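This short report looks at rings, charges and strands. Please have the sequence and the model at hand while reading.

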Amino acid sequence: MRLLLALLLLPVPVLAQEIAPDEASTWTPDLVMQYHSVGQTALSPTGDLVAYVVREPMMEGEASEYRSHIYVAATDGSFNLQFTRGEASCTSPAFSPDGQHLAFLSSRGDKNQVWVMHVRGGEARPLTASPTGVQAFQWAPDGQRVAFRAADEKSEARQTAEQEKRDAFIADTDFQRSHLYTVPFAAEAEAPAEAQRLTGGAFHVLDFDWAPDGQTLAFSHGPDPRINTLFVDRDISTVPADSGSVTPLVTRPGVDDQPRYSPDGQHVAFTSHGGQPEPVGLSDVYLVSATGGTPTMLPETPNRDGSLLDWTPDGQAVLVAEAFGTTIQVMAVPSGLTAPATDAPLVLPNLGETTTSVTPIESGTVEAVSLSADGQTMAFTYETSDTPEDVHVSPLGTFAPSQITDLHADVAPPPMGRTERIRWTSFDGMEIEGLLTYPVDYVEGERVPLVLQIHGGPAGVFIERFTGAPTIYMTQVFAQQGYAVLRPNPRGSTGYGKDFRYANIQDWGYGDYEDVMSGVDTVIERGIGHADSLAVMGWSYGGYLTSFLVTRTDRFKAASMGAGLPNLISMVTTTDIPNYLAAHMGGDYWDDYETYEKHSAVYHIANVVTPTQVIHGANDLRVPFDQGQEFYVALQRRGIATELVVLPRTPHGPREPKLLMDVTPRILTWFNHHLGRAGTTMAPGDD
């Protein structure tokens with residue numbers, strides 16, 4: 001099969017455009033954008049092929065969008081070829097159970113549909129024709145069907161009203177819920193077969209999984225598609241694969257999600273809040289009989305907030321991916337089930353009674369994990385602070401990663417500012433961890449300008465991803481400009497356990513303030529940061545804490561608040577996730593106005609002297625645009641140096657590559673000017 005694949009698929013040039021040596025001498029947004037994101041691996045059943053997705057920016061002329069395509073590589077490293085092409089993106093690759101076909105989602109045509117193509121190449125054909133498009137799919141165990149999730153169609157009356165511009169509506173009614181369907185697969189069919197609907201009614205389907213015998217599907221669902229509802233309410237049910245009545249499996253308060261059948265079909269593993277809503281964030285692994293009953297909690301993972309991947313084929317463990325400090329790792333959670341009587345060796349022979357890491361990395365991130373049918377081989381992406389992400393494979397039982405792609409071989413990276421993990425003790429004895437990136441060509445003992453960068457969430461985390469990657473804040477571009485960048489993980493961050501994640505409840509702007517400021521002091525005390533050349537920036541919750549910092553200290557010469565929320569009182573009733581904010585504040589503001597006011601920067605705005613830039617997406621629903629505008633106008637009326645950068649068409653963060661490229665240069669221009677530094681960087685489009 002490999003020989004035929006190699007002959008029929010054309011090899012492609014390297015993904016990144018080659019750049020001249022003089023252009024590669026410094027880190028710039030143009031260079032950073034040549035590092036493309038890689039993800040969504042899928043191993044063939046026999047483990048000899050891995051499909052994966054590469055996303056590239058399209059920025060020629062009027063274009064400003066991303067395009068994704070699927071590549072297929074041999075796990076022995078013998079070839080790496082592009083599998084899909086064209087102007088429409090292709091994602092979510094999945095090999096058929098016999099390994100002969102590769103299905104994927106593609107926007108070819110009017111809607112996103114499931115397409116299928118023989119692994120030896122040829123023409124792709126659509127497998128589905130859903131009127132609203134397909135959101136997710138999964139092969140049946142025998143390969144004869146595909147299950148998929150799709151949104152309901154709008155009613156004819158609604159469509160007519162929209163066409164005639166008579167489409168006023170009542171909010172939070174007439175939801176377009178998603179439901180489950182199946183469609184048969186025939187290798188020689190040229191047109192999509194008719195799909196069979198499996199579920200319907202007043203619930204919204206989320207994740208789903210086939211039983212090993214192909215007779216049943218388990219699925220999670222919430223009352224409606226609103227993200228705020230789904231934060232606190234999801235249950236698990238089953239439905240016959242040839243249609244029939246829905247049977248509740250796990251029904252209790254809080255979130256129960258990500259159902260996965262055990263290899264013998266007798267149990268279902270799932271992630272859960274544990275029987276009560278935990279909107280701050282909790283995701284333990286539970287087990288329930290496939291016929292129902294009382295769920296049993298499995299051993300805790302270190303962070304208690306993982307994403308369930310799959311079972312080991314011997315049924316001895318459930319695999320979970322989660323943040324672990326500044327890394328992301330795969331954990332094996334013992335199931336407590338008896339191994340089947342078979343001569344096949346156990347996948348994890350040294351599995352004990354507690355959760356252990358099967359990817360014991362000391363740095364970097366393991367993501368986009370997939371397994372071969374026998375569970376012996378694992379494919380994943382891996383990156384570190386200094387190396388871009390590539391596809392790797394490893395035996396699952398003994399972690400020995402082998403890199404099988406080199407996707408940026410022809411991007412000549414300039415010298416990098418090195419990144420190290422540092423720790424310090426906060427005001428109350430709590431240990432805080434963070435990542436410190438030095439300026440390019442840093443000279444030991446030299447004091448340099450220091451940028452404090454604060455992550456979102458607050459249950460976000462700075463992990464050891466490639467610092468040359470195209471993100472909102474392009475770390476190596478700041479390092480190229482002579483800045484050190486400190487990225488702390490203050491209390492409230494994920495990756496350090498439930499207690500640490502919950503430690504900032506009703507404490508926003510205070511304990512976390514001390515955590516990040518003690519980190520700044522640590523960098524200064526180490527002789528690296530210059531106490532008189534400090535700047536701060538952050539997005540979302542990072543923008544919140546940035547706004548709060550400038551009300552509490554005048555130590556920063558410049559600040560940049562991205563998508564920040566300085567007024568929690570107006571925020572909680574305008575965001576699309578009020579449950580999340582109210583959980584952190586301990587309730588609603590009408591029950592405790594004092595807490596909301598205490599933790600809202602806008603009520604302390606009289607203290608601000610720091611020049612503060614405000615950046616916000618015009619179409620942001622998570623942190624509505626009015627939040628940024630409110631802070632900007634208040635600063636302006638107080639006579640504080642400020643500017644409001646509006647990102648058009650943008651939700652809660654740039655989705656267009658040209659707008660993404662715009663952010664870092666604008667911040668650097670702002671920082672360089674207010675820190676009195678020479679060589680001010682001009683923002684794109686400025687004269």
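## Charges over rings

R552 lies over the face of Y513, at 4.0 Å from the ring centre, and K598 lies over the face of Y510, at 5.0 Å from the ring centre. A charge is said to sit over a ring if NZ of Lys or CZ of Arg is within 6 Å of the ring centre and within 35 degrees of the ring normal.

This is a predicted model, in which local features need pLDDT of at least 70 and side-chain atom pairs count only at pLDDT 80 or more, while totals for chains, interfaces and linings use all residues. Residues are numbered from 1 along each chain as its sequence is written, and side-chain values use heavy atoms, with hydrogens and water left out.

## Aromatic pairs

The structure holds 24 aromatic pairs, where rings of Phe, Tyr and Trp (its six-membered ring) pair if their centres lie within 6.5 Å, and planes under 30 degrees apart count as stacked, over 60 as edge-to-face and the rest as tilted. One of them is the stacked pair of F148 and Y181, with 5.3 Å centre to centre and 10 degrees between the planes. F148 lies in strand β10 (residues 145-151) and Y181 in strand β11 (residues 178-184), so the pair ties together parts that are 33 residues apart in sequence; strands are DSSP runs of E, at least two residues long, numbered from the N terminus.

F148 counts as buried at 2% relative accessibility, as does Y181 at 14%, since buried means under 20% relative accessible area (1.4 Å probe, protein chains only).

## A ring cluster

Ring pairs also link W508, Y510, Y541, Y544 and F548 into a cluster.

Terms used
Helices (H or I, at least four residues) and strands (E, at least two) are DSSP runs, numbered from the N terminus. Buried means under 20% relative accessible area, exposed over 50%, partly exposed in between (1.4 Å probe, protein chains only).
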